[in-house]
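Open the structure in your viewer and keep the selection tool at hand. This tour goes to a pocket and then to a cavity.

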Amino acid sequence: MFTEYLHPASVEEAFRTLQKLGTRARLVAGGTDLTVHPPADVTTLVDLSRTGLGGITADDTGFHIGALTTLTDVLDYSPFADIWSGVIPTMLAQVASPLHRNAASIGGHLARGRLSDVVPVLLSVDARISFFDGGHHHMPLADFYSTRKNRTRLVVTGVHLERDTGRAAFRKFARTTYDLAILNVACAIRLEGDVVSWARVVVGERPALAVELSEASSVLVGHRLDAATIGRASEKAMETVEVRNDPRASADYRRHLTRVLVRRCLTETTGEEVYV
């Protein structure tokens, strides 16, 4: 049962409270995850709304999204339509319901590290995450999860995206519009002429957290992004993806979806319209 609700005035104060109370305290940003999954052992909620972590800023290096910025505010930020083929607003328009997006924060979403359409896209475009754990730090989002830093006690303070004119696409498969994805895929590429010079193929909701399929990405680099290359990358993705069963789908079905969605994503990055 929650018995205490605190409003720290700074990130540093919020972190000190976490350190002092240990597992009895939980940070609150949008609060959507806590509403659905209230932890039984937590007695103190630490509200971050007064820590100044909201809003989006831009400079020559790119864009910084404050951790308390809602998914709706990120979706509505018009400059994101001009980077990575507009994949960020395209993806966010498919996340849960508008009411959920109005409350959920980007920092809270990344801190929980599960059930996410956001993570695959941010991994594919090499986003960096910033956090406070006694000092201010930032690192690639991929390292944040692979080193399990997200499982330590810290305060996520924001996400950084570079300005980039690469191409990207996102695809998900779910039973209904507002349902969780059975599988999702994000692809991002950079071209030199008509040859792929850099690529990321990321698969999420396996149902584990999203990861890059590096062997599938490697198939693309150094080749023209034509149907034959896309076909080889899609096959490699299906061969190498680690999936498992859960009540929503079998591992075999997720493996099949991986090939289909990777092919559709990569085809979309060529500029072709994909209807199936």
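Helices (H or I, at least four residues) and strands (E, at least two) are DSSP runs, numbered from the N terminus. Note also that this is a predicted model.

**The pocket**

Select Arg 26, Gly 108, Ala 111, Arg 112 and Asn 150. Among the 45 residues that line the largest pocket, these lie nearest its centre. The volume of the largest pocket is about 1100 Å³.

Next, colour strand E2 (25-28), helix H2 (32-36), helix H6 (106-112), helix H7 (118-124) and strand E8 (155-162). Each of these elements supplies at least two residues of the lining of the largest pocket. Which of them gives the most to that lining? It is H6, with 5 residues.

Now colour the pocket lining by residue class. You will find 23 nonpolar, 13 polar and 9 charged residues in the lining of the largest pocket.

**The cavity**

Clear the selection and turn to the cavity. Across the whole structure, a search finds 1 cavity of 30 Å³ or more. The largest cavity holds about 40 Å³ of space.

H4 has the largest share, 3 residues.

How does the lining of the largest cavity divide by class? It has 9 nonpolar residues, no polar and no charged ones.

How values were computed. Residues numbered from 1 in each chain as written. Predicted model: local features only at pLDDT ≥ 70, side-chain atom pairs only at ≥ 80, totals over all residues. Heavy atoms only, no water. 1 Å grid on protein atoms, 1.4 Å probe; cavity = no way out; pocket = protein on both sides within 12 Å on 5 of 7 lines; lining within 4 Å. Points joined across faces, edges and corners; volume = space filled by probe spheres on them. Nonpolar A, V, L, I, M, F, W, Y, C, P; charged D, E, K, R; others polar.
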